[in-house]
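Hello,

Here is the structure we talked about handing over. Please look through it first; my notes follow below.

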Amino acid sequence: MVCRVTTFAFEGIEAKPVDVQVQISSGNPFFTIVGLPDKAVGESKERVRAAFSAIGLATPPKRITVNLAPADLPKEGSHYDLAIALAMLAAMGVIAPDALDGHAAIGELSLDGALGPTLGVLPAAMAAQAMDLRLICPEVCGPEAAWAGEGTLAVPSLIAMINHFAGRISLPAPVAGELAPPQAVPDLADVKGQDGAKRVLEIAAAGGHNLLFCGPPGSGKSMLAQRLPGLLPPLSATELLEVSQIQSVAGMLERGKLSRQRPFRAPHHSASMAALVGGGIKARPGEVSLAHHGVLFLDELPEFPAQVLDSLRQPLEEGAVVISRANRHVRYPARFQLVAAMNPCRCGGGPGDGACRRGPACARQYQSRISGPFFDRIDLFFDTPPVTAIDLTLPAPTEGTAEASARVQQARDIQTDRFEKLGASDGRRPINADAPTRSLTDIASPDEAANALLADAAAKLALSARAYHRVLKVARTIADLDGAGGVRRLHVAEALSYRRRPPEGETVGNARSLAH
């Protein structure tokens with residue numbers, strides 16, 4: 001007789017059902033697992049043997065075959081232990097085979113029969129709910145699984161699970177983990193001076209636009225970037241679920257505690273491509289996916305390897321990253337907001353004694369480490385001037401994060417209403433940065449004067465089609481912050497002023513002179 005139970009294999013954050021089939025037949029004692037298992041799955045038989053021995057059970061001295069179907073789907077990880085153990089217990093007659101009907105299982109066994117924490121419980125629980133199955137998971141993962149809905153069975157050990165199916169005990173339903181309270185975020189009022197940088201930071205927050213600060217050391221670039229999350233609204237219910245699934249697969253959910261704060265990831269410039277975009281032996285999510293619906297901050301941008309930066313071009317456009325393997329492709333969502341900071345040149349380019357002595361050639365050489373197509377995907381460029389001693393002696397600004405975030409929320413409400421009327425529901429965020437190009441004519445149609453300025457700028461600055469549309473999106477965000485119904489000349493002018501100003505000697509026109 002073949003006994004079976006459902007478990008799940010993960011491709012990105014998608015949990016795909018796997019049918020665990022166990023057959024105990026006569027023959028020489030042998031325990032084999034087939035169905036394209038990796039080393040961790042193959043070692044499951046030793047953990048199951050030890051766990052059975054710890055609770056006083058012995059594996060039958062027969063031929064035991066475990067098949068993981070479909071056989072052509074790669075199986076990775078130790079979370080198959082519990083499903084294999086359950087199917088074996090049913091095949092051995094310890095629990096009734098029909099008791100497993102309507103159940104799925106995920107969890108790693110310890111040698112003493114206890115169930116330890118495992119990755120991916122939340123997406124597995126959601127998949128089980130969609131299949132109308134009751135998920136059996138480790139007790140420590142119960143609060144995480146309970147977020148998917150009712151019906152989860154959280155068990156502390158193998159013996160407790162046997163007793164539950166035998167009717168000797170009744171395990172209580174797990175309670176969903178806490179929703180973490182908002183953490184204190186750095187206040188924009190701490191930044192003295194840099195009024196222009198605060199303005200562009202507010203525009204970036206309102207429209208979800210990618211932003212690059214360029215300025216000498218100590219001008220407040222990193223300080224400003226760290227205050228961006230405080231301007232952003234909390235995650236919506238749908239966004240919270242998507243972010244939490246990624247964190248579950250990455251093992252970042254502690255006792256099922258979810259947070260509505262948007263992720264803020266700041267990898268070091270020595271990060272590898274696999275660390276940034278995802279990869280490795282088991283194709284784990286990278287920083288771009290962990291920043292999904294949040295902010296990815298890249299400090300010292302030119303110090304990142306050029307190949308690593310160029311690998312961000314696809315996620316910036318498509319909102320997802322695809323990790324290719326010889327026998328499969330793994331897709332992770334990666335719809336993030338990029339904020340970067342850099343010095344104008346390797347010397348720093350500061351005032352006085354810190355000024356670069358090599359002139360414009362140093363800036364051209366330093367900034368040439370970043371490719372033109374990568375620059376083309378950044379909406380807002382701002383040169384942060386050095387902060388003077390006079391700025392530091394001034395009183396703290398009266399307006400901080402609270403006031404700016406209120407304006408950002410108003411602008412985002414306008415954008416959400418606009419997207420609902422357009423019916424844009426293809427996975428994009430309801431913000432201007434994600435507005436489909438085909439809808440720009442409806443949402444960001446400039447008036448005659450603004451259109452003439454934009455056409456003149458596009459010719460003189462040799463704007464690509466992507467850059468042209470990004471200028472329109474930024475202008476639409478500026479108009480939303482002003483509460484204007486249409487895009488006017490001053491909105492386009494300000495948007496053009498935030499285009500990249502290349503180092504002296506490059507042949508691209510100066511956007512700031514055009515805007516003014």
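In what order do the five strands of the open sheet stand? The order is E13-E14-E17-E11-E18, and the pairing is parallel. Strands (E, at least two residues) and helices (H or I, at least four) are DSSP runs, numbered from the N terminus. Two strands pair if DSSP finds at least two bridges between them. E13 (264-265) and E18 (380-383) are at the edges with a single partner strand each, so one side of each has no neighbour in the sheet. Strand E14 (residues 295-298) runs parallel to strand E17 (residues 337-342), joined by four bridges. Phe297 is opposite Val339 in E17.

This is a predicted model: local features need pLDDT of at least 70 and side-chain atom pairs count only at pLDDT 80 or more, while totals for chains, interfaces and linings use all residues. Residues are numbered from 1 along each chain as its sequence is written, and side-chain values use heavy atoms, without hydrogens and water.

The chain has 23 helices and 18 strands. Of its 516 residues, 52% are buried (under 20% relative accessible area, with a 1.4 Å probe and protein chains only). The C-alpha trace spans about 85 × 45 × 45 Å along its principal axes.

The axes (lines fitted to C-alpha atoms over the stretch in contact, with angles from 0 to 180 degrees between N-to-C directions) of helix H20 (residues 448-460) and helix H21 (residues 465-482) come within 11 Å and cross at roughly 145°. Asn451, Leu454 and Ala458 of H20 make the contact with Tyr468, Val471 and Leu472 of H21 (contact means heavy atoms within 4.5 Å).

Regards

How values were computed:
Buried < 20%, exposed > 50% of the residue type's maximum accessible area, 1.4 Å probe, protein only.
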